[in-house]
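We will go from stop to stop, picking something new each time.

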Amino acid sequence: MGASIKVIEDSKAMRKWSQEKKFEKKANAERPRVPYQAPRKQLLSARKTVGPPRYKSQGARKSIASPPPRPRLKKHAVAFVPTMGSLHEGHLALVEEAHKHADCVVVSIYVNPSQFAPNEDFSVYPRSFESDLKKLENYDVDAVFLPRNLYKGNLAVQKGEGENEQDHQSWITLEELEKPLCGITRPHFFRGVATVVTKLFHIVDPDV
């Protein structure tokens, strides 16, 4: 079982956490490396068995001064996996991949109302946060971003009464992608996904 996961609901707090992790990584990267020195006890023991330093063999010097292997540093500070919860093996595979590229992994759980039409299943979409959190603990996730609402005018509540989007006016549209495939029958879908992913990336501000 992994360590306890930090659950963050506020967008500003999420961004602050991410920025702190980036700052820590940059500070560690810029910190000068102290030359390795063997423990004093080891040096004294070597002198007794090998003799004065000027008579030490090259092999003896290497055995004293060789530093322990350094852990391989990852390139990035924060990796991000956006989800709508109800996690399955596909989500967890993305978490595993994220660990290969960054020191910290953030997973968001947010059922996005803007990709559901009024007659679709937003209100009954499965929500299993406690179960999802237990799964993520086994994958050493550092933080879970759990926003309550990312839209002006509480679009999530309005969904239950029929969608009214006039209060929220900033959207990301994909002109060509919305035309074929499921965009024909669900013209709102790609716009909703593109918009919420843009919001999440701006808040979490990941490296990868």
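Start by selecting Asp205, the residue that follows helix 7: its phi is positive, near 55°. Helices here are DSSP runs of H or I with at least four residues, strands are runs of E with at least two, and both are numbered from the N terminus. This is a predicted model, in which local features need pLDDT of at least 70 and side-chain atom pairs count only at pLDDT 80 or more, while totals for chains, interfaces and linings use all residues. Residues are numbered from 1 along each chain as its sequence is written, and side-chain values use heavy atoms, leaving out hydrogens and water.

Now select helix 7 itself, residues 189-204. Its 16 residues should span 22 Å at 1.5 Å a residue, and the end C-alpha atoms are 23 Å apart, which agrees; the expected span is 1.5 Å times one less than the number of residues.

Next, colour Thr195, which is found in helix 7. Is Thr195 buried or exposed? At 2% relative accessibility, Thr195 counts as buried (buried is under 20% relative accessible area, exposed over 50%, partly exposed in between, with a 1.4 Å probe and protein chains only). Beyond its neighbours within four places in sequence, Thr195 is in contact (heavy atoms within 4.5 Å) with Tyr151, Ser170, Trp171 and Ile172.

Then show Phe80 and Phe201. Their ring centres are 5.5 Å apart and their planes at 90°, so the pair is edge-to-face. Rings of Phe, Tyr and Trp (its six-membered ring) pair if their centres lie within 6.5 Å; planes under 30 degrees apart count as stacked, over 60 as edge-to-face and the rest as tilted. Phe80 lies in strand 2 and Phe201 in helix 7, so the pair ties together parts that are 121 residues apart in sequence. Phe80 is buried, at 7% relative accessible area, and Phe201 is partly exposed, at 37%.

Finally, click Val78: its bridge partner in strand 3 is Cys104.

Methods: Two strands pair if DSSP finds at least two bridges between them.
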